[in-house]
Structures are given as structure tokens and as C-alpha cells.
Number of protein chains: 2
Amino acid sequence: MKLLVHSGTIITMHNKKIIRQGAIAIEKDTIVEIGKTHELKRKYGRGYEKIDAKGKLIIPGFINTHQHAAMSLLRGYANDLPLKEWLEKWIWPIEKHMTSHDIYVGALLTAAESIMSGTTTVNTMYHYMPEENEAKAFAEAGLRGVVGHVCFSWRKKQDKKALEDLAKNWHNKADGLIRASVDPHSPYTVDPEYMKELKEIGKELNKKYGSEKAPIIWHIHAAETDDEPEKIRKAFKIQLKNGIMEYLDSLGFLDERVIAAHCVALTKRDIEIMKQRKVKVSHNPISNLKLASGISPVPKMLKKGITVSLGTDSPCSNNTADMFETMKTTAILHKGVNKNPTLTPAQQVLEMATIEGAKALSWEKEIGSIETGKKADLAIINLNKPHLCPLYNEASHLVYAAKAADVETVIINGKIVMENKKLTTLNVEKVMEMAEKTKNSLLERLARNVK
Amino acid sequence: MKLLVHSGTIITMHNKKIIRQGAIAIEKDTIVEIGKTHELKRKYGRGYEKIDAKGKLIIPGFINTHQHAAMSLLRGYANDLPLKEWLEKWIWPIEKHMTSHDIYVGALLTAAESIMSGTTTVNTMYHYMPEENEAKAFAEAGLRGVVGHVCFSWRKKQDKKALEDLAKNWHNKADGLIRASVDPHSPYTVDPEYMKELKEIGKELNKKYGSEKAPIIWHIHAAETDDEPEKIRKAFKIQLKNGIMEYLDSLGFLDERVIAAHCVALTKRDIEIMKQRKVKVSHNPISNLKLASGISPVPKMLKKGITVSLGTDSPCSNNTADMFETMKTTAILHKGVNKNPTLTPAQQVLEMATIEGAKALSWEKEIGSIETGKKADLAIINLNKPHLCPLYNEASHLVYAAKAADVETVIINGKIVMENKKLTTLNVEKVMEMAEKTKNSLLERLARNVK
């Protein structure tokens with residue numbers, strides 16, 4: 001496909017460069033040139049499909065670095081409960097009944113919601129099943145994603161099979177849209193020996209299916225709550241010397257290919273180790289607040305130069321996949337709790353949602369900013385709304401005022417996946433019908449089992 | 001006008017009652033009956049305009065209890081700055097150049113944004129000018145509002161004239177849509193004598209223009225930041241014995257007709273006094289976080305039985321007028337900072353945004369819930385969106401997942417002010433044009449003055 005997006009304001013997220021009256025020429029999946037509209041229009045005329053972005057912003061699509069996409073099926077199923085009750089009485093019992101088809105349907109729904117809100121890449125951790133899975137859903141939706149398989153001590157054999165299948169069949173597949181990851185659930189559900197083994201398995205899989213350019217990464221929940229050391233002590237009779245990161249480092253798990261979600265309960269030493277090992281962070285402020293986990297020391301990590309990206313977490317603990325909400329919450333939360341209004345300014349938060357997200361997934365050579373040679377992952381935002389009027393500063397509007405519904409057109413890997421708010425890859429009505437049906441069937445199976 | 005809204009799920013916000021397949025009959029400005037669709041359709045047939053709300057939620061419109069509507073003109077003008085610099089170098093200098101027409105235009109823009117996001121009542125505090133003002137803008141938009149004039153020690157004479165004019169010309173006017181309020185800016189900008197005088201002025205105005213049913217209320221910023229006692233000491237050489245509320249109470253200012261915005265920095269004694277005097281609270285979590293003011297002890301006030309409502313604050317410190325964002329932020333913030341996921345559950349937050357808002361404005365006999373005999377102020381929300389799918393619980397979806405753009409139709413005072421996302425009272429394109437033009441002219445006048 002040959003495409004020219006023109007006449008818009010391009011927020012490149014590369015060296016803070018903004019191009020007004022800008023145009024982007026795309027060939028196949030790649031951005032081939034960026035410049036002024038009057039110049040590019042002459043050069044890329046015949047044979048190039050045109051998208052007029054007059055009065056609109058063109059941004060690199062958002063990169064949501066922590067999701068459990070299939071869990072959209074449980075959106076609003078249970079809220080406002082103590083964590084233990086929420087998990088043990090509500091979430092885990094119903095999840096046991098989820099089939100591979102349910103996971104596929106949930107991921108389709110999240111893919112639709114993500115694209116419609118300007119997200120072009122999603123990092124998701126869930127149970128991988130060969131029959132149907134999140135990778136299949138993302139590939140069908142045309143959504144870029146890192147798809148992981150979540151590993152637990154109690155199912156090592158099953159995990160290893162799943163990881164092999166996932167890496168073999170999906171890593172760097174679907175025109176390079178999908179990558180695989182190895183996902184130890186957490187330091188308290190994966191024993192130390194298995195954690196080491198999962199590191200090794202990831203390395204082996206990288207040798208077989210990965211490359212320097214397209215690596216298989218590790219994705220883990222870490223330091224989500226204060227009581228994680230206590231959980232580790234209970235599960236494995238290990239008394240931590242310092243924090244969670246020091247513990248993970250002692251197992252040789254940490255390096256620049258690890259993305260750790262949450263990072264709420266960190267020691268000073270943890271942060272030092274993260275910097276040293278170049279661990280990447282996915283900050284999930286909405287989920288952390290809603291589940292009452294606490295508040296991640298994001299300004300401290302940023303000051304240290306650690307890569308902090310943004311995630312929504314699952315639609316079951318958020319309850320949306322909306323990166324605009326996550327950006328705004330990030331920008332205001334750290335100001336408020338630190339009583340410092342200069343922290344996490346708009347431009348920095350926008351970076352966290354785009355280029356820093358790409359770095360967090362070891363994918364920054366191809367995505368995260370609008371640059372010649374990078375993949376064409378773009379969102380076009382309509383500014384002609386009362387809540388975006390008047391306009392002084394684009395970054396401010398994107399972080400503090402814009403909303404998911406302002407996204408009009410989305411391009412992923414050079415393909416138009418949403419045009420004028422209409423998905424081109426999915427029948428959204430049908431996806432919603434499937435999700436409602438799947439929910440009802442899940443509830444039925446749950447009820448029968450309980451009886 | 002005679003209207004039948006039918007076939008929807010009615011979230012009445014009255015005794016937590018939900019009516020499925022529900023209908024609401026409206027005559028003139030009033031709800032005359034609520035019931036099942038098949039019954040009301042027979043009764044209210046010919047002569048009743050019909051609105052089909054199939055698959056949709058019908059809720060009482062949101063009540064935004066703290067705004068400075070005109071300040072939408074400064075949306076995104078300055079962010080991420082230390083408070084003193086933000087106010088003194090950015091906001092105050094440009095505000096000096098605002099004309100009555102600018103104020104009217106800003107309020108029109110906020111009215112459009114408010115209605116489009118499901119808000120039917122706005123409590124706004126700004127400079128009242130007889131020529132053009134926020135009341136005129138709200139009345140034209142068909143938006144219900146309490147419009148105040150903000151008072152400062154340095155302009156007592158001007159304030160008194162403005163208050164008399166406001167009360168005389170706007171209180172309980174525009175078919176009862178508009179009410180007036182007396183708004184001392186804050187305890188540190190209004191000296192103690194003037195604070196007492198403003199209480200008396202309000203009482204006098206109530207005798208002349210108010211009534212038990214439609215009172216003129218008092219609206220004040222209070223305890224917004226920790227340093228407010230210090231500001232009072234500097235301004236008036238008064239050393240507070242305890243907190244801000246005790247101080248205001250010592251001046252005889254507090255009673256059930258007072259709505260205090262922010263209430264962040266409260267002492268235990270302050271909260272006791274607020275309970276005793278039945279002071280109403282407007283909680284503004286987004287503004288409080290963004291300006292780094294801190295976090296209001298909302299769970300403590302709620303536990304005490306104090307009426308806590310929700311406000312967005314001005315679009316200059318938020319930067320939207322979106323009550324969905326404010327509900328979600330409220331619901332998650334207090335869980336997170338108190339590490340208790342059961343605090344501020346969805347149903348309670350929905351009450352804060354509707355019926356508690358009505359109480360906060362002493363307007364609960366007419367608005368805030370869907371009840372026979374109350375004014376018809378409704379918002380109809382389309383659930384047929386990926387981010388609202390599947391559906392388990394309506395309150396959860398409204399607070400945690402729904403967005404401004406899901407609001408389709410809005411009725412205020414029995415009049416359809418937005419139908420299928422199109423405003424009927426305002427030309428939104430023209431309002432946005434006016435706002436952009438006003439902004440440019442403001443910046444020009446500011447620049448000329450600086451030179």
C-alpha cells in the first residue's frame with residue numbers, strides 16, 4: 001500500500017519535533033518520508049492513497065505496555081472489593097472456566113477498543129493456548145502486539161510447551177506485527193529455580209526464533225504491592241534481604257529485555273538495580289489506585305533515567321484500555337501525591353505513552369515515533385471539539401484534554417485499520433455480540449460448576 | 001413540551017432503584033410519571049414526542065458543583081508550573097484583559113462541553129458583569145446553573161453592585177434554570193469583616209429575590225492548600241487557632257447553604273464543624289492533583305455523613321469539564337491513597353455526581369434524581385461500545401468505563417438540548433470559532449500591554 005497522510009500537525013515524538021502542515025509518505029509498512037505537505041504532495045502524487053489530516057494531529061500510536069487483553073470479558077464483573085476476596089471469590093473461579101475461544105474473543109474486544117482509542121501496540125500477558133489465543137485476535141485486528149504466556153510454578157510442563165508453541169508460531173509473524181514474550185507471573189508465584197529456568201528458556205527461544213532486531217522479551221509483574229516479600233516468604237520460605245528487584249537480580253533474571261509491570265513497592269536499592277540492569281517499567285496508575293496497591297515512585301525512576309512506559313492493565317482492573325485516561329492520571333497523580341506541579345509534565349507523559357513504550361518492549365528501532373524508516377503506526381486525532389478548544393499547546397491537549405473518541409483514523413504497519421472511526425479489520429458489532437454471548441456462557445458454566 | 005423517553009434502563013439515583021424497560025413521561029419541565037415502557041406507552045401516546053432509549057441508560061444529568069466556566073478560554077494556556085508562577089506570571093495577567101464578552105464566550109464553550117458530556121447543572125464562580133456574563137451563556141445553552149460573582153477585599157464596592165445586579169436579573173430566571181450565588185473568593189482574599197458582610201448581603205438578597213424553595217447560596221474556595229492559614233496570617237495578621245473551617249465558623253459564615261470547594265487541608269475539628277453546620281463540599285480531585293494541592297480526606301467526610309459532591313474546577317486547571325473523568329478519578333484515588341479498595345465504590349461516586357450534587361447546591365427538591373415531580377434533567381448514554389461491553393453492572397460501567405462521548409441525548413428542564421450528539425440550542429462550530437477568535441484577541445491585548 002502507498003499512502004500519503006497530509007496537511008496535519010505531526011507530533012513526531014522524535015527530538016520533540018513538531019511539523020505543521022506536515023505530510024507522511026508511507027510505502028508498504030514503512031514511513032519513507034516526512035516533510036511539509038506542499039513538498040510531499042508533489043513527490044507522492046499518483047498511486048498514493050491520500051488521507052487529509054487538515055486541522056488534525058498525527059501522532060505515533062500509543063504503546064500500552066501492560067495488558068491482559070482477554071480479561072475484557074470480566075470488565076466490571078467485580079469491583080470495590082478487598083483484593084483477596086476479589087481474586088479468590090470472583091476473578092480466579094470464573095477464569096478457570098475460560099476456554100481458548102473465550103480468550104480469543106476477549107482479546108478481539110480489547111483489540112477493537114485499543115485501536116479505537118489510538119493504541120497501535122499492546123503488550124499482553126495471559127494463558128496462551130495453541131488452538132485460539134490473543135496473538136490470533138491481534139493479527140486479525142491488525143494490532144501490533146507482544147503476546148506472552150504467563151507461567152506459574154504449578155504448571156511448568158504445560159508452560160514450557162505453551163512457550164515453545166507461542167514462539168514458534170507467532171514470534172515475528174503476521175508481517176512482523178506479533179512478537180512473543182516469556183512471562184513469569186510474579187516473584188511469589190514462580191519459585192526461584194523456575195524463575196532461573198524461564199530466563200534460560202527465553203534465551204534458548206531467542207536463539208531459535210528471535211533476533212537482535214526482533215527479540216523475545218520477558219514480561220513480569222513485580223513489586224505490585226507492599227506484601228510481596230511476605231508472599232515470597234510464605235510461598236518459598238525465602239526471607240528477602242532487600243527488595244523485590246534485588247531478589248530477582250540475585251536469580252540472574254534482570255536485564256534490558258525485562259519489562260516489569262507496576263513497580264509500586266520498591267526500595268531505594270531496587271531502583272538502583274533497575275537502573276544498572278536497564279530494566280524497563282510499565283506504570284499502571286489506574287489499576288494501582290483501583291486495586292489499592294499504592295503509588296509507584298515514578299518521578300524517582302524517571303530522575304534516575306529508567307525507562308518508564310505506560311500500561312492500562314486489564315480491563316477488569318481499570319476498566320478500560322484507554323491510554324488517554326492513563327496519560328492524564330499519570331500526569332496529575334505524581335504532581336498531587338508529591339505536592340509538586342512541575343513533575344511528569346505533558347511532554348514527558350506523552351513520551352512515556354509512545355517512544356518510551358517502544359523502548360520498554362525493545363522495539364524502539366521500529367516503532368514509538370514518526371521517523372523515516374520506522375514502521376507506519378499512526379493515530380490521527382480530530383481537534384475540532386469543544387473540549388479541545390481553544391488550542392495553545394498540542395502536548396497539553398493530548399495529555400490533559402483529549403479523549404479516546406477524538407481518534408478518527410489509525411494506521412498500523414502501513415495499513416489503515418480504522419478510518420473515520422470505522423474499523424476496517426473487524427466487524428465491531430459482531431465482536432461485541434460475541435463478547436456478550438461468551439460472557440453469558442461463562443456465567444452459565446460457572447453457575448453449573450458451583451452447584 | 002410533552003415527551004416520553006422509553007425502552008431504556010433508568011438509573012433513578014433514588015433509593016438505588018433501577019427500572020429496566022423503563023419509561024419517563026415529561027410534561028413541560030417536569031417528570032410526571034416513571035414506570036415500565038409497556039404501561040407508559042399506552043398512557044402517554046398521542047401528543048408525546050418519543051425518544052427510544054433501547055439498549056441505553058437513562059441517568060439524571062451530572063451536577064458539576066465547582067467551575068469557573070469562562071476559564072475554558074485558558075484551557076492548556078499554562079500547565080506543569082509552580083502554583084505561584086502559574087498564577088502570577090500566566091493566569092492573572094491574561095485574566096486582567098478579559099472583557100464581559102470574553103466571559104460570555106468562555107461560558108458558552110463550557111456550556112457546550114458540559115451538555116455534550118452529560119452535565120445538566122453547573123455551579124460556576126467568576127467575575128459577573130451586567131453587560132454579558134455566564135448566566136446569559138448558560139440560559140442560551142439551556143444549561144441549568146448556579147452563577148456566582150466572586151468577591152475580593154480589594155473591590156468591595158464593585159462586588160456589591162455586581163451581586164445586586166446578578167441576583168435581581170438572574171436569580172430564578174430563565175424558566176428557573178439559573179440561580180445566583182454569593183461567592184467570597186477564599187478566606188485569604190476576603191478579610192474577616194467582608195466575609196461577615198458577604199454573609200449578610202446573601203441573606204438580604206435572599207429576602208429580596210430568593211425563597212425557601214429557590215435560595216441564593218454561598219460558594220467559596222476553602223482549605224485548598226496546606227498554606228492557607230499562612231496566607232491568612234500574611235494578609236490579615238490573623239493567627240488561626242485551628243483550621244480554616246473553624247475560622248470561617250467564628251465569622252458566622254458556615255451553614256447548610258454554603259458550598260466549599262476543595263476542602264483538602266482540613267483538621268479533624270474542621271470536619272466536625274462542617275458536619276455540625278451542614279456545610280456542603282465540592283470535591284475536585286483532578287484539579288487538586290494537577291495543581292499539586294493535595295488530596296481531600298473524602299472518605300473521612302463521607303463517613304461523617306457530610307454531603308460531598310463533585311466538581312471539575314475550571315478547564316484551565318483540569319483541563320476539561322468532564323464529570324466521567326472526575327467520577328473515575330474520585331473512585332480510584334481514595335482507594336489508592338488509603339490502600340483500601342472498598343472505599344468510594346461506584347454507586348457512591350455516582351451519587352456524588354448526581355443527587356449529592358443537588359443537595360450541595362440546595363436544589364435537591366427539583367434535581368439530582370429521576371423522580372416524579374422533579375425537573376426533567378436527563379442524560380441518555382449509549383452502551384453499544386466496545387469499552388462498555390460486556391455488561392455486568394451499570395453503576396460500574398458509568399463510573400469506571402463510560403466516557404463523555406457515550407452521551408447521546410440530553411434533556412434539561414424538559415427540553416431536548418442535545419439529540420443524537422447534536423446540540424439543539426447552540427451552533428457548536430460557531431461557539432468554537434468564537435472561542436478561538438477570543439483567545440487570539442486576548443493574546444494580542446496581553447502582548448500589547450506587556451510591550
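**Symmetry.** A rotation of 180 degrees with 0.0 Å of shift along the axis does it, at RMSD 0.0 Å. That is the relation of a two-fold axis. In chain B, the C-alpha of Ala405(B) is nearest the axis, 3.2 Å from it. The same surface serves both copies, as 100% of the contact residues of chain B recur in chain A. I took contact as C-beta atoms, placed from the backbone, within 7 Å.

**Ground rules.** The model is predicted: local features need pLDDT of at least 70, side-chain atom pairs need 80 or more, and totals for chains, interfaces and linings use all residues. Residues are numbered from 1 along each chain as its sequence is written, with chains lettered from A and ligands numbered from 1 in the order written.

**Interface.** I looked up the residues on each side: 54 come from chain B and 54 from chain A. Helices here are DSSP runs of H or I with at least four residues, strands are E runs of at least two, and both are numbered from the N terminus. On the chain B side, α16(B) gives the most, with six residues. By class, that side has 30 nonpolar, 14 polar and ten charged residues. I counted Ala, Val, Leu, Ile, Met, Phe, Trp, Tyr, Cys and Pro as nonpolar, Asp, Glu, Lys and Arg as charged, and the others, Gly among them, as polar.

**Helix α5(A).** It runs over residues 156-170 and reaches 20 Å, close to the 21 Å expected at 1.5 Å a residue. The expected span is 1.5 Å times one less than the number of residues. Which residues of α5(A) are buried? I found Asp159(A), Ala162(A), Leu163(A), Leu166(A), Ala167(A) and Trp170(A). Buried means 20 or more other C-beta atoms within 10 Å of the residue's own, exposed 12 or fewer, partly exposed in between, with C-beta atoms placed from the backbone. They cover an arc of only 125 degrees around the axis, which puts them on the same side of α5(A). The arc is that of the directions from the helix axis to the C-beta atoms. These buried residues pack against α4, β8, β9 and α6 of chain A.

**Helix α2(A).** Trp86(A), Ile91(A), Ile94(A) and Glu95(A) are buried. The face turned away carries exposed Lys84(A), Glu88(A) and Trp92(A).

Terms used: Copies are superposed by least squares on the C-alpha atoms of residues with pLDDT of at least 70 in both. Two residues are in contact if their C-beta atoms, placed from the backbone, lie within 7 Å.
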